Amino acid sequence: SARSIHSMRRGRRFCSTAATSRLVSKIGRPTSALSTERSLDFLRAKGLDAEDLLLVSTLVKTNAGVESIDVSGNGFGAGGAESLVAIVRSSPQLSKLDASQNNLRASAALLAEAAAHGSLRSLAMSANAIGASACTASVEALAAAAGGSGLAELNLSHNAFGRAGGGLAAVPGLSSLRLASCAVGAAGTTELAAA
């Protein structure tokens, strides 16, 4: 009925308003900051979840000048990775993204793939429980980028992907690669040293 449709619309608007209010209370800034500021490093360790990241993504997509985003330490998991991918793909000036300590796991490969075709120069995904298969998929995405990815700095420290980290030697253009506490081992180190 018309009455129930009106109630549903009002409910959606209420949820949207509630989600916006929740985000504002977490980040301590108005949502307009996401659409206008060049550095969004104030998103670090704010307890953002996947729902929050979806709203952040929607607002950041309108910010053509964003250059740096730090969402580290939020623990939003794989659900938030899709929102980060959308941000990377829609932000032509974005050169630095820190997505460390978010439990990205296998979804880290999606972010690496987006980075391979975006404007990122620096990507940090340390302490995200990235395993060997996600590391290999990330390497393949970054290495396959036509003409190189543009990525110069990659931090994958504190992920237990082991020897698969040696494959990062195949990624062209990296001037800084951090793999502290990744259990790369002697074989992986040999691959990296040969590059």
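Student: Which residues does A50 touch, not counting residues up to four places away in sequence?

Tutor: A50 touches F76, G79, G80 and S83, where a contact means heavy atoms within 4.5 Å. Keep in mind that this is a predicted model, where local features need pLDDT of at least 70 and side-chain atom pairs count only at pLDDT 80 or more, while totals for chains, interfaces and linings use all residues. Numbering runs from 1 along each chain as its sequence is written, and side-chain values use heavy atoms, with hydrogens and water left out.

Student: Why is A50 called partly exposed?

Tutor: Buried is under 20% relative accessible area, exposed is over 50%, and partly exposed is in between, using a 1.4 Å probe and protein chains only. A50 has 26% relative accessibility, so A50 counts as partly exposed. A50 is in helix α3, residues 50-60; helices are DSSP runs of H or I with at least four residues, strands are runs of E with at least two, and both are numbered from the N terminus. N74 is 24 residues from A50 in sequence and 9.7 Å away in space, C-alpha to C-alpha.

Student: What makes L34 buried?

Tutor: The relative accessible area of L34 is 0%, and therefore L34 is buried. L34 sits in helix α2, residues 32-36. Leaving aside neighbours within four places in sequence, L34 is in contact with L23, I27, L40, F42, L43, V56, L59, V60 and N63. As for V60, the two C-alphas are 5.4 Å apart, across 26 residues of sequence.

Student: And S68, buried or exposed?

Tutor: Buried, because S68 has 13% relative accessibility. S68 belongs to strand β2, residues 68-70, and touches R38, S39, L40, D41, L94 and K96, not counting residues up to four places away in sequence.

Student: How much space lies in the largest pocket, and what makes it a pocket?

Tutor: About 180 Å³, taken as the space filled by probe spheres set on grid points joined across faces, edges and corners. On a 1 Å grid over the protein atoms alone, a pocket is an open set of points with protein on both sides within 12 Å along at least five of seven lines, whereas in a cavity a 1.4 Å probe fits but cannot get out; lining residues have an atom within 4 Å of a point. The largest pocket has 13 lining residues, and S122, A124, E153, N155 and R178 are the closest to its centre. Strands β3 (96-98), β4 (122-124), β5 (153-155) and β6 (176-178) each give two or more residues to this lining.

Student: What does the whole protein look like along the sequence?

Tutor: The pattern reads α-α-β-α-β-α-β-α-β-α-β-β-α, with 7 helices and 6 strands. Of its 195 residues, 42% count as buried.
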